[in-house]
Amino acid sequence: MIGGEAHLAIPVGGDDHVQGPDDAAVTLVEYGDYECPYCGQAFPIVQELQRVFTSTLRLVFRNLPLSNVHPHAEGAAEAAEAVALQGHFWPMHDLLFQHQRDLRAESLLQYAEQAGADAHQVAEVLARRGTRDRVENDLEGALRSGANGTPTFFVNGYRYDQSWDFATFREFIQAELDRT
Amino acid sequence: MADANGERTADDPGSSTTKGSPGEQLDLPKEPLQPGAPAPDFSLPETPDQRVTLSELRGPVVLIFYPADWSPVCGDELSMFQAASKLFAKQGGQLLGISVDGPWSHIAFRESRKLTFPLLADFEPKGQVSRAYGVYRSEEGSSARATFVLDRDHMIAWSYRSPIGIVPGVDGPLRALEALS
């Protein structure tokens with residue numbers, strides 16, 4: 001149970017939001033919170049990793065909203081999942097991280113539209129909390145996997161406990177590629 | 001965040017180094033109390049005029065010892081427990097945070113992090129309860145980062161001390177609690 005031995009309780013599956021090739025040698029799962037400043041800092045780093053490891057890295061994003069410290073995190077996560085129902089998860093995910101400081105309900109609908117979704121449908125889903133279960137399931141999966149803050153990364157199923165600055169993270173993923 | 005201090009965990013008792021510092025009681029445990037041991041009773045302030053007494057609590061208890069209010073790392077750990085509070089409540093587990101900070105610090109910290117479980121002040125005599133559980137760090141003057149799951153008879157069912165610098169998740173105590181029922 002020390003550090004790196006914590007591992008994903010829920011394997012990557014068909015319900016996940018995935019970028020990158022299915023047969024990638026390395027799968028990076030991020031449990032993140034759209035209002036968390038550290039996740040905001042990690043966002044361009046993860047994008048850079050995706051550029052470097054285009055054909056070998058698969059990225060999965062799951063929700064870990066820490067509502068006690070980030071009052072808008074849960075709403076943003078539910079909005080991202082509502083937009084995902086229309087097939088536009090990733091542009092919404094990017095917009096939320098680019099606008100971390102304004103995650104008010106009306107802004108979320110603007111981002112939804114910018115992401116290519118029908119904002120009325122999104123509003124309707126959010127009004128009935130239609131994606132709350134999805135977000136809560138992600139959260140529970142994170143807790144059962146030993147997530148220990150936001151963001152928590154898992155590389156090929158194991159919690160990544162080193163620094164996620166670009167150089168360290170790239171080196172770790174490269175070593176994982178060399179190993180597999 | 002490597003385990004540079006060679007800290008051992010509750011799962012790996014190893015060889016115990018007994019450090020005798022002046023005034024230290026020699027019959028106190030030097031390592032975290034292990035499963036099967038009775039949990040030492042305590043009565044600690046939650047606020048300046050309110051105490052929590054272990055033996056007055058019914059049902060299983062999760063004791064979360066942590067080094068200090070306000071340090072970002074502890075904040076993360078307690079936020080994870082907060083996020084998991086519904087899952088712990090489902091098992092009837094009472095969460096209690098414990099550090100050597102005083103009750104006024106706890107009140108402010110708890111408000112700022114919107115924590116719904118009590119934070120207890122192991123403040124006077126300083127670290128007495130942490131010492132009784134074998135998780136006091138005399139050099140630093142603070143509790144170690146350690147978690148205990150107590151069953152409904154308040155016997156220790158599970159314990160874990162984290163390496164310094166690594167924040168544990170809540171998966172371990174949650175599984176231990178669920179295994180009780």
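Two strands count as paired when DSSP finds at least two bridges between them. Helices (H or I, at least four residues) and strands (E, at least two) are DSSP runs, numbered from the N terminus. This is a predicted model: local features need pLDDT of at least 70, side-chain atom pairs count only at pLDDT 80 or more, and totals for chains, interfaces and linings use all residues. Residues are numbered from 1 along each chain as its sequence is written, while chains are lettered from A and ligands numbered from 1 in the order in which they are written.

**The sheet in chain A**
- Chain A holds an open sheet of 5 strands with mixed pairing, in the order β1-β3-β2-β4-β5.
- β1 (17-19) and β5 (158-159) of chain A are at the edges with a single partner strand each, so one side of each has no neighbour in the sheet.
- Strands β2 (residues 26-32) and β4 (residues 152-155) of chain A run antiparallel and are joined by 4 bridges.
- Across this pair, A:Glu30 stands opposite A:Phe153 in β4(A).

**Chain B overall**
- Chain B has 5 helices and 9 strands, following the pattern β-β-β-α-α-β-α-β-α-β-β-β-β-α along the sequence.

**Backbone points to check out**
- Most residues other than glycine have a negative phi, and most peptide bonds are trans.
- A:Thr150 and A:Pro151 are joined by a cis peptide bond, with omega about -5°; A:Pro151 is in the loop between α6 and β4 of chain A.
- Another cis peptide bond joins B:Glu124 and B:Pro125, with omega about -5°.
- B:Trp70 has a positive phi near 80° and lies in the loop between β3 (61-65) and α1 (72-83) of chain B.
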